[in-house]
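Open the model in your viewer and keep the selection tool ready. The tour below goes from stop to stop and tells you what to select at each.

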Amino acid sequence: MNIAIILSAGSGSRFGSNIPKQFINLAGKNIIEYTIKAFEQNNLIDEICVVADEKFHSKIWDISKSNNFTKVQKIIAGGKERKDSSYEAIKAYEDKEDINLIFHDGVRPFVSDTIITDTIKALERYNAIDVAIPTADTIIKVKDNIINSIPNRAELQRGQTPQAFKLDTIKKAHILSNQDKTKPLFTDDCGLVKQYLKDKVYVVAGEEQNIKITYPSDLLLAEKLIQLNSITLNTNTNYEKLKDKVIVVFGGSSGIGLDIVNIATNYGAEIVSYSTSNKTDIKNIDDIKKALEDTFNQYNKIDVIINTAATLTKKELISMNDDDITNEITTNFTASVNIAKYSYKYLKQTKGSLILFTSSSYTRGRANYSLYSSTKAAIVNFAEAISSEWLEDNIKVNVINPARTATPMRIKHFGKEDESTLLKSEDVAYKTLDVVLEDFSGLVVDVK
């Protein structure tokens, strides 16, 4: 049997969180959910054991039940150090025969099916397996802030997990380590095998995206990896899943919004478009409430709400009058806040999706349209915040960030441009519908 041991007993102190980092929200799920799912879906894994602090055992059982992780058969308490947690897992299976243990960090959520499979297959020839990738940086050995030596980079690799072993092998290494009165040179499992058994440890090729989430900055990278895996590489979206979904599009009379309406309609969705062309002004709260109420009264549900409406005043701030400023802020930000607020009760009922739009200008304020770029930055922060607030309600909130796109608004303000440098609005519409059919939340999805 191949048993995956998910090491998840860390406290998250380096992450600076009041909960262990494996339970931090990553795009609408706990980090550990992605990790367990990777092993649950691998055909060679027979069983999963999670090592965690006892006070989180019920939470992990709940996660396993809600995700239908049927391979999770044991949840056990960890030890003081990482190697102690590994040893607890070893003891949990020491009475079994013909067992392989595959140890993996609970906060490495992007381990691929290929890595897991290659690791297990390598156990057919070797007793101990590590996963590693070459280092792109020069590694220096330092003492007292002085370079002591510079090892040959060609011989150096960065270790990852999983690490896999025949049960007898790793058990023997841990027993010898526990008997050693001096401090072991290594604390990870492959290090113990190398130190105490002198066995060969075979190295399987890892992957750059198999990152360990240790610091808050790692979480930002993790979000982009989820987007990359789910959207950028998604070339086979089954848009037939849109059939019978009730979708409200604010700003659906032109540009990206109109393309969303047309595409989703072609796939059988029930689309309701609201814009100034049918006397819906998103600056008016009553208009927003009426649009949502009318849609619900007609279809008895709302699955998706998308706001593509925006306005751009291309002027220096000092040249804008009070009405310009109010209109820009209300249309581009306040309206999205109100749409979100009054969408909540409908989306909670369907566990639906809210999609807002930002602009590539959100990352840095742009001269001559300062309010447009700043309100688009506000949209990102707002969406990330409410995605967390609505996490327990299973409402997905995401933001689409298209690169420069050929839309009527852009043509109006920037004139004729080289079309080869612009996205087609239809392509952005398709990517938006990709997000509708995904299950992540809290992401800014770049469309390039």
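In which strand does P162 lie? P162 lies in strand β10, residues 157-166. Select T161 together with P162: the peptide bond from T161 to P162 is cis, with omega near 15°. Helices (H or I, at least four residues) and strands (E, at least two) are DSSP runs, numbered from the N terminus.

This is a predicted model, in which local features need pLDDT of at least 70 and side-chain atom pairs count only at pLDDT 80 or more, while totals for chains, interfaces and linings use all residues. Residues are numbered from 1 along each chain as its sequence is written, and side-chain values use heavy atoms, with hydrogens and water left out.

Next, select N68, in the loop between α2 (57-66) and β5 (72-76). The phi of N68 is near 60°, which is a positive value in a residue other than glycine.

**Two helix pairs**

Select residues 255-266, helix α8, and residues 425-436, helix α13. Their axes are 8 Å apart and the helices pack at an angle of about 60°. Axes are lines fitted to C-alpha atoms, for helices over the stretch in contact, and angles run from 0 to 180 degrees between N-to-C directions. The angle therefore makes α8 oblique to α13. Angles under 35 degrees count as roughly parallel, over 145 as roughly antiparallel, 65 to 115 as roughly perpendicular and the rest as oblique.

To see the contact (heavy atoms within 4.5 Å), show G255, I256, D259, I260, I263 and A264 of α8 with S425, E426, V428, A429, Y430, T432 and L433 of α13. Eight residues of this contact are nonpolar, three polar and two charged. Here Ala, Val, Leu, Ile, Met, Phe, Trp, Tyr, Cys and Pro count as nonpolar, Asp, Glu, Lys and Arg as charged, and the others, Gly among them, as polar.

Now select helix α9 (residues 285-299) and α10: their axes come within 9 Å and cross at roughly 25°. That angle makes α9 roughly parallel to α10. This crossing is right-handed. From α9, I285, I288, K289, L292, E293 and F296 meet A335, N338, I339, Y342, S343, Y346 and Q349 of α10.

**Empty space**

Rolling a probe the size of a water molecule over the atoms shows where empty space is left. On a 1 Å grid over the protein atoms alone, a cavity is a set of points where a 1.4 Å probe fits but cannot get out, and a pocket is an open set with protein on both sides within 12 Å along at least five of seven lines; lining residues have an atom within 4 Å of a point. Grid points are joined across faces, edges and corners, and a volume is the space filled by probe spheres set on the points.

Select N307, A309, T331, N332, S336, F357 and K376, which line the largest cavity. That cavity holds about 30 Å³ of space. Helix α10 (residues 322-350) gives the largest share of its lining, three residues.

Last, select T308, A309, A310, T407 and M409, which lie nearest the centre of the largest pocket among its 41 lining residues. About 950 Å³ of space lies in this pocket. Which helix gives the most to the lining of the largest pocket? It is α12, with six residues.

Definitions and conventions
A crossing is left-handed if the near helix is turned anticlockwise from the far one by less than a right angle, and right-handed if clockwise.
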